[in-house]
Amino acid sequence: MNRRRFLKASAGFAVLGLSMPHLAFADAALGRMAAGAASARDFGIDPNSATDQTSALTALLERASAESIPVFLPPGRYRLSGLSLPRQVRLIGVPGATRLVQERASAFLTARDSEHLSLSGLALDGVYMPLSGDVRALLDIDGAEHLAIDQCAFRASSGSGLALRRARGRIRDSEIADASDYALYALDSDGLDISANTIADCGNGGILVHRSSPGADGSRIAGNRITRIRADRGGTGQYGNGVNAYRADNLRVSDNEISDCAFSAIRGNSAGNLQISGNTCLLSGETALYAEFAFQGAVITGNLVDGAAHGISMANFDKGGRLCACTGNIVRILSANGPYPSPMAGFGIGINVEADSAVTGNVIENAPLAGIRMGWGPFLRNITASGNVIRKAKTGIIVSVVEGTGAAVISGNVFEDTPDGAVVGHRWADPITGDLLRAGSKDIPHLTVADNRAG
């Protein structure tokens with residue numbers, strides 16, 4: 001195959017769906033291959049062959065890795081199993097047309113200690129074939145200094161779509177669907193950029209960013225569409241989340257559209273300096289937006305929650321969870337029914353908050369239990385709830401008045417249609433005061449209630 005034939009092949013890429021940057025990249029790759037590297041066919045790789053082509057593709061990728069040459073796979077179906085990627089890989093396909101299909105029960109694509117791993121325009125199809133050994137996903141990576149996955153698809157995995165450990169780089173504009181476990185599991189990352197992906201119909205989770213021990217992660221999860229995430233393993237929130245951060249600090253989760261998750265749209269567990277902003281969260285089975293356990297520092301702002309058992313929760317002061325700003329969110333159409341029996345007096349709370357936090361400028365509507373709950377038992381300290389609009393809630397604001405609670409200020413809020421009271425003091429689950437907008441809070445030393453209005 002000569003250079004003229006390579007360039008002729010590349011001329012049709014735009015019609016097949018490659019963007020201009022990908023066209024330029026593929027054209028350059030083909031030019032370099034024609035100038036010195038062998039073509040895929042020279043290595044016995046034949047699109048739509050009925051035979052396993054793992055050995056042939058391995059030989060080609062090893063050759064290309066040694067010379068840092070990109071490799072182009074033309075449209076077709078490539079049967080593979082146990083393909084181990086070398087340290088330098090730049091593999092390009094035609095989006096929607098270059099398919100890598102798992103041939104038998106084994107690993108599929110794995111990479112270890114990659115220097116540069118770039119995959120573009122490839123569709124990986126696991127056909128639900130079992131994955132062997134400790135391999136967790138269709139693409140299983142342990143160590144990647146420079147990772148770039150663009151316009152790829154990962155489908156029908158018996159495990160996860162992608163599993164990454166110790167990776168930095170990006171996963172962008174790709175599709176992950178029908179994974180039996182997670183769409184994407186990332187452990188001990190270093191500033192991943194996970195953006196503009198479409199994720200659907202996964203068994204236990206969408207995007208998971210975890211760390212082996214608490215520490216800085218710095219990943220950005222932005223502009224993704226995530227839908228229909230189940231919790232096939234059960235539990236009370238360990239599984240079934242659209243986005244889940246665990247012990248990973250400095251994450252930004254923004255501008256995602258997340259719907260139909262068994263538990264949370266976005267859930268941070270012991271994740272410090274977590275920013276959740278501008279997300280649309282629809283039909284969550286439990287708490288739509290969650291900062292829980294030993295987190296310190298969470299900004300939850302400008303999100304829309306429509307349909308959930310609880311709207312937003314910033315909890316677990318008993319485990320060190322504290323320090324939140326919850327501002328400018330809309331929370332509506334909550335349910336009294338959750339996925340398990342509630343240990344805290346039921347479901348149907350718009351915003352739950354416990355310590356060192358400001359809850360300001362939110363709008364909450366249709367909350368079967370309460371618009372806002374401030375504290376639980378003695379776990380309340382330094383909270384303000386101001387400038388919020390709460391309507392159609394059984395109780396407007398529930399505030400803990402158990403001995404030992406810290407300071408709380410409730411001011412400048414507007415209440416409408418709160419039949420059990422606008423502001424009511426609770427001892428754990430039980431109301432023990434009347435409506436404090438009428439009775440006043442002068443007999444509760446830690447509490448200030450001022451300048452609110454009830455319709």
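**Entry 1: strand partners**

I take strands as DSSP runs of E, at least two residues long, and helices as runs of H or I, at least four long, both numbered from the N terminus. Two strands pair if DSSP finds at least two bridges between them. In this pairing Ile-171 has Ile-194 of strand 14 as its bridge partner.

Before going on, I noted that this is a predicted model, in which local features need pLDDT of at least 70 and side-chain atom pairs count only at pLDDT 80 or more, while totals for chains, interfaces and linings use all residues. Residues are numbered from 1 along each chain as its sequence is written, and side-chain values use heavy atoms, with hydrogens and water left out.

Strand 11 also pairs with strand 9: residues 137–150 and residues 160–172 run parallel over 10 bridges. There I found Asp-140 bridged to Ala-163 in strand 11. Strand 11 has a parallel pairing with strand 13 too, over 4 bridges, and Leu-162 stands opposite Leu-184 of strand 13.

I then followed strand 13 onward. It pairs with strand 16 in the parallel sense over 5 bridges, with Ala-186 opposite Val-209 in strand 16. Strand 16 in turn pairs with strand 19, again parallel, over 7 bridges. In that pairing Gly-205 faces Asn-241 of strand 19.

**Entry 2: the whole protein**

I stepped back for the totals. The protein has 5 helices and 41 strands, and its C-alpha trace spans about 90 × 40 × 30 Å along the principal axes. Of the 455 residues, 56% are buried; buried means under 20% relative accessible area, exposed over 50%, and partly exposed in between, with a 1.4 Å probe and protein chains only. I also checked contacts (heavy atoms within 4.5 Å). Among those between residues at least 6 apart in sequence, 62% join residues at least 24 apart.

**Entry 3: Asn-256**

Is Asn-256 buried or exposed? Asn-256 counts as buried because its relative accessible area is 1%. I placed it in the loop between strand 20 (252–254) and strand 21 (257–261). A polar atom of the Asn-256 side chain lies 3.2 Å from the backbone nitrogen of Gly-223. Beyond its neighbours within four places in sequence, Asn-256 touches Ile-221, Ala-222, Gly-223, Asn-224, Gly-278, Asn-279 and Thr-280.

**Entry 4: Arg-233**

Next I went to Arg-233, in the loop between strand 18 (225–229) and strand 19. Arg-233 has 45% relative accessibility, so it counts as partly exposed. Its side chain has a polar contact of 3.5 Å with that of Tyr-239. By polar contact I mean N or O atoms within 3.5 Å; within protein, one must be able to donate a hydrogen and the other to accept it, and residues adjacent in sequence count only if both atoms are side-chain atoms. Leaving aside neighbours within four places in sequence, the contacts of Arg-233 are Asp-181, Tyr-182, Asn-204 and Tyr-239. From Arg-233 to Tyr-182 I noted 51 residues in sequence and 11 Å in space, C-alpha to C-alpha.

**Entry 5: pocket and cavity**

For spaces I used a 1 Å grid over the protein atoms alone: a cavity is a set of points where a 1.4 Å probe fits but cannot get out, and a pocket is an open set with protein on both sides within 12 Å along at least five of seven lines; lining residues have an atom within 4 Å of a point. Grid points are joined across faces, edges and corners, and volume is the space filled by probe spheres set on the points.

The largest pocket has a volume of about 650 Å³. Among its 34 lining residues, Arg-267, Tyr-290, Glu-292, Phe-293 and Asn-316 are the closest to its centre. Strands that each supply at least two lining residues include strand 13 (182–187), strand 16 (205–216) and strand 19 (241–249).

Residues lining the largest cavity include Arg-373, Trp-376, His-426 and Trp-428.
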